[in-house]
2 protein chains.
Amino acid sequence: MGFTLKQFEQIKERLGGARRVAEPLLESSVQTNGAQHEVILGIDPSLRGTGYGILRVARPHPRALAFGVVHCPAGWERSRCLVRIAQTLREAIQQHRPSVCAIEGLFFAQNLQTALLLGEARGVSLLAAAEAGLQIFEMAPRKVKQATVGYGGAGKEAVAKMVQRMLRLPELPQADAADALALALAFGQERGRYSLTPLKRL
Amino acid sequence: MGFTLKQFEQIKERLGGARRVAEPLLESSVQTNGAQHEVILGIDPSLRGTGYGILRVARPHPRALAFGVVHCPAGWERSRCLVRIAQTLREAIQQHRPSVCAIEGLFFAQNLQTALLLGEARGVSLLAAAEAGLQIFEMAPRKVKQATVGYGGAGKEAVAKMVQRMLRLPELPQADAADALALALAFGQERGRYSLTPLKRL
């Protein structure tokens, strides 16, 4: 199958044109809806310290409904950690009824073993969200930091401080919980505006 | 802290002696119990084709109660695959009531992304087993092949054929299901004899 340059330009124009017309309609309905009512769950999974945060997108500023870290002592068997992670997330979901979940996308792992462990924590987190009917999206950490702190290479402390300020929290949240809240915040921002790089649905 | 050579020999003897006395008692009770009644679940997790197999340790030969592969088409979202894996395993566990689970230990992954995906499938598998109250152990693939085929580097075909023969199956099982059954078989053998390298509990 081949196209002449002219055909190709026509197709490109039609595709581009269609997108330019359709997207604002779709996005603005999401925005209206999202800005008023959307409840977002952010998850930053890890075996020993999964962070989670649930917020409601609202005016004048988003409101944190719940957040925390699932601490699993080093002495615990791995399967016990996974059960604790799943149960904590299920309870939080049941209580606050988020409709969407944002989870870390591109990730960092020193080696295959670390990636495997991280994957296990990630798997049960995704399962808890999926079985509760949430739509799941992944966001790259750099994008999350860019959206919240304004700098993709921001440190944990900077993220936590910005999350505290954006959500008017009385205290600085724990780093893993802050990362999860930052994910939810960044996802809320992303949904509320035009985006040229659509998020990957999991 | 230091020991003289004589003290060290005494300690070694005492430790070794205690083990030589205690282990057979423990092992033989496991063996009797295991040989008659034990139901073992083997899991070979992967995102698109998790293999599982449940067998009862029995004389004159172990009997397969159920086995299969959780197929998840490439078009499915990852979260949908994870839900399917967890649900299939939960149903199989509920129906056949295994008391222990053997899962692949040392694993092979080409890169971090593959390890992460494998980890996700592994995480939900472990969760399904742990939430049903199963004891979970991991076994290295080489050890499984060694125990079933007699050669740690055996191919998938050889494993499937040996599993078919050991369990008197009318047909050759699918490769991923055969791997899971091989795990359960090897675990059953391991429990039924002295072992110098105790299995790692997860």
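1. In this predicted model, the largest nonpolar core contains 112 residues, and A:Leu181 and B:Leu181 are the members that touch the most others in it. Setting aside residues up to four places away in sequence, A:Leu181 touches A:Gly42, A:Gly53, A:Leu55 and A:Ala64, together with A:Phe67, A:Val163, A:Leu167 and A:Pro173.

2. As to the overall make-up of chain A, there are 6 helices and 6 strands. Their order along the sequence is α-β-β-β-α-β-α-β-α-α-α-β. Chain A has 202 residues, of which 43% are buried. If contacts between residues at least 6 apart in sequence are considered, 68% of those in chain A link residues at least 24 apart.

3. Within chain A, attention is drawn to helix H2 (residues 78–96) and helix H3 (residues 112–131), whose axes come within 9 Å and cross at roughly 30°. An angle under 35 degrees counts as roughly parallel, and H2(A) and H3(A) are therefore roughly parallel to each other. The crossing in which H2(A) passes H3(A) is right-handed.

4. From H2(A) come A:Arg78, A:Leu82, A:Ile85, A:Ala86, A:Leu89, A:Arg90 and A:Ile93, which meet A:Glu120, A:Ala121, A:Val124, A:Ser125, A:Leu127 and A:Ala128 of H3(A). By class, the contact of H2(A) with H3(A) comprises 9 nonpolar residues, 1 polar residue and 3 charged residues.

5. Between the chains, 27 residues of chain A are in contact with 27 residues of chain B. On the chain A side, H2 and H3 each contribute at least two residues. H3(A) provides the largest share of that side, namely 15 residues. The side of chain A that touches chain B consists of 17 nonpolar, 3 polar and 7 charged residues.

6. H2(A) also packs against a helix of the other chain: its axis and that of helix H3 (residues 112–131) of chain B come within 9 Å and cross at roughly 90°. H2(A) is therefore roughly perpendicular to H3(B). The residues that make this contact are A:Arg78, A:Ser79, A:Arg80, A:Leu82, A:Val83 and A:Ala86 on H2(A), and B:Gly123, B:Leu126, B:Leu127, B:Ala130 and B:Glu131 on H3(B). Sorted by class, the contact of H2(A) with H3(B) holds 6 nonpolar, 2 polar and 3 charged residues.

How values were computed:
Residues are numbered from 1 along each chain as its sequence is written. Chains are lettered from A and ligands numbered from 1 in the order in which they are written. This is a predicted model: local features need pLDDT of at least 70, side-chain atom pairs count only at pLDDT 80 or more; totals for chains, interfaces and linings use all residues. Axes are lines fitted to C-alpha atoms, for helices over the stretch in contact, and angles run from 0 to 180 degrees between N-to-C directions. Helices (H or I, at least four residues) and strands (E, at least two) are DSSP runs, numbered from the N terminus. Angles under 35 degrees count as roughly parallel, over 145 as roughly antiparallel, 65 to 115 as roughly perpendicular and the rest as oblique. A crossing is left-handed if the near helix is turned anticlockwise from the far one by less than a right angle, and right-handed if clockwise. Two residues are in contact if their C-beta atoms, placed from the backbone, lie within 7 Å. Ala, Val, Leu, Ile, Met, Phe, Trp, Tyr, Cys and Pro count as nonpolar, Asp, Glu, Lys and Arg as charged, and the others, Gly among them, as polar. A nonpolar core is a set of buried Ala, Val, Leu, Ile, Met, Phe, Trp, Tyr and Cys residues joined through C-beta atoms within 7 Å. A residue is buried if 20 or more other C-beta atoms lie within 10 Å of its own, exposed if 12 or fewer, and partly exposed in between; C-beta atoms are placed from the backbone.
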